[in-house]
Amino acid sequence: MMKNIGKISFKEIKRISPSQFYSMKNCAYKSLLAAAFENKPLLPISPNAYFGTVLHKMLELIANGVVQSENDFNRMFDEQVKAIEKSLQQQGYSFYVPLQKNVRDFGMKKILLKKHLRAVSEQPLKSGGVKYHSEKWFESKDKLIGGKIDLLIENRDETEVVDFKTGAITEDVLDDAGEVFSEVKEGYKEQLKLYAYLYFENMGKFPTHLSLVDLAKQKFTVEFSQSECSAIYEEAKRLLHSTNESIKKGIFAANPTEANCKYCLYRPACSFFLKHIGMDYSFNDVSGLVRNVVRYQNGNVSVFLQNGGKQITVTSFPSEKFDELNDTRNKQLSIYNLRKEATGFVYSATKTTMIYE
Ligand code: SF4
């Protein structure tokens with residue numbers, strides 16, 4: 001079914017979470033659109049991301065002791081997967097169900113997750129004066145920055161802030177000599193430093209360690225100084241203020257780049273992005289005026305769009321889409337999640353393709 005965006009009513013963002021900060025810093029307009037659409041994405045996320053939420057939830061349940069045995073694990077895992085699949089069906093994304101068939105390394109990730117179970121069951125949650133707190137909420141006194149810390153490990157002298165990640169924690173970067181080396185993603189470092197500041201504001205002292213733990217139980221340490229954490233906290237507050245000011249002034253700015261927009265789920269509502277894809281054809285999304293719609297003998301339907309001087313062809317729509325598409329002649333359409341074909345400006349529809357008028 002064809003979708004429509006309608007008028008966007010922007011809403012003030014009340015609070016930034018540490019996990020959202022880096023994305024907002026890269027494009028604050030994305031956060032404004034997310035708030036305007038009540039965090040309901042306008043496009044399907046990849047099935048791996050939906051599965052990621054299952055994995056993260058399981059890590060939380062293991063960390064807080066709700067899931068202790070292998071039986072608990074299997075039962076809760078199945079429940080979580082079923083809940084996500086039900087919500088996918090309700091959103092009209094049944095093409096991702098069953099998740100097991102659509103997610104990369106489903107079985108391997110489940111096995112890795114179980115290793116966390118063994119580790120926790122081998123070490124009782126409270127032993128030797130060590131306290132474990134999972135999913136603990138911390139917010140700044142002015143309530144402008146807040147979020148849940150996945151796991152806090154405290155003993156008399158030390159406090160470790162742990163954040164679980166179900167995807168890659170590091171990325172390849174180039175050093176000054178042009179050598180490639182692996183480093184913890186900048187966004188994750190800043191997220192943890194914000195948690196450290198929130199911990200300080202609430203507890204009167206900074207944590208001693210900041211760590212990231214992946215699905216394979218590898219731990220990555222994030223070095224930090226107190227002044228760095230304070231500086232990031234101030235930066236986050238300034239960003240929140242300036243973003244909300246843009247609503248009052250009605251003057252918006254965005255940062256359309258491949259890295260920012262590729263996984264942005266609010267692309268259909270972003271006028272900056274739509275303008276950008278009229279010049280940059282590296283995306284799997286197209287926009288233009290519908291010049292022609294053709295149904296071929298094999299039933300496949302193609303749409304021919306014009307964007308500026310460029311003629312764009314989108315093939316492989318199913319036959320039953322013909323009437324709906326044919327009614328859009330001479331209208332502006334934006335089509336997302338396409339496959340790029342070898343021939344220039346030719347794309348084909350996939351099961352996740354979405355069309356916005
Ligand atoms: S599509 Fe790109 S420019 Fe537009 S809001 Fe999303 S990230 Fe920002």
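How many of the residues of strand 3 are buried? Six of the six, so taking buried as under 20% relative accessible area, with exposed over 50% and partly exposed in between (1.4 Å probe, protein chains only), strand 3, residues 159-164, is mostly covered.

Before going on, what we have here is a predicted model, in which local features need pLDDT of at least 70 and side-chain atom pairs count only at pLDDT 80 or more, while totals for chains, interfaces and linings use all residues. Residues are numbered from 1 along each chain as its sequence is written, and side-chain values use heavy atoms, with hydrogens and water left out. Helices (H or I, at least four residues) and strands (E, at least two) are DSSP runs, numbered from the N terminus.

Back to strand 3. Thr159, Val161 and Asp163 are buried on one side, and Glu160, Val162 and Phe164 are buried on the other, which leaves both faces covered. Two strands pair if DSSP finds at least two bridges between them. Strand 2, residues 146-154, pairs with strand 3 in the antiparallel sense over four bridges. A hairpin of four residues links strand 2 to strand 3, and leucine 151 is found opposite valine 162 of strand 3. Strand 6, residues 209-213, runs parallel to strand 3, joined by five bridges. There, valine 161 is opposite leucine 210 of strand 6.

Seven strands form an open sheet in the order 12-13-10-9-8-11-14, and the pairing is mixed. Its edge strands are strand 12 (339-340) and strand 14 (354-356), each pairing on one side only. Strand 12 pairs with strand 13, residues 346-348, in the antiparallel sense over two bridges, and lysine 340 is opposite tyrosine 347 of strand 13.

Now helix 4. Phenylalanine 77 sits in helix 4, residues 70-90, and is buried at a relative accessible area of 1%. What does phenylalanine 77 contact, leaving aside its neighbours within four places in sequence? The list is Phe51, Val54, Met58, Phe106, Lys110 and Leu113, where contact means heavy atoms within 4.5 Å. For methionine 58, the separation from phenylalanine 77 is 19 residues in sequence and 6.9 Å in space, C-alpha to C-alpha. The buried residues of helix 4 include Phe73, Phe77, Gln80, Val81, Ile84 and Leu88. An α-helix has 3.6 residues a turn, so residues three or four places apart point the same way. As for length, the expected span is 1.5 Å times one less than the number of residues; for the 21 residues of helix 4 that should be 30 Å, and the end C-alpha atoms are 30 Å apart, which agrees. Just after helix 4, glycine 92 has a positive phi of about 85°.

Last, two helix pairs. Axes are lines fitted to C-alpha atoms, for helices over the stretch in contact, and angles run from 0 to 180 degrees between N-to-C directions. Helix 7 (residues 186-203) and helix 8 (residues 226-249) have axes that come within 8 Å and cross at roughly 95°. That makes helix 7 roughly perpendicular to helix 8, the range for that term being 65 to 115 degrees. Among the residues that meet there are Leu194 and Tyr197 in helix 7, and Ile232 and Tyr233 in helix 8.

The axes of helix 1 (residues 18-26) and helix 2 (residues 28-36) come within 5 Å and cross at roughly 120°. Gln20, Ser23, Met24 and Asn26 of helix 1 meet Ala28, Lys30 and Ser31 of helix 2.

Technical notes. Angles under 35 degrees count as roughly parallel, over 145 as roughly antiparallel, 65 to 115 as roughly perpendicular and the rest as oblique.
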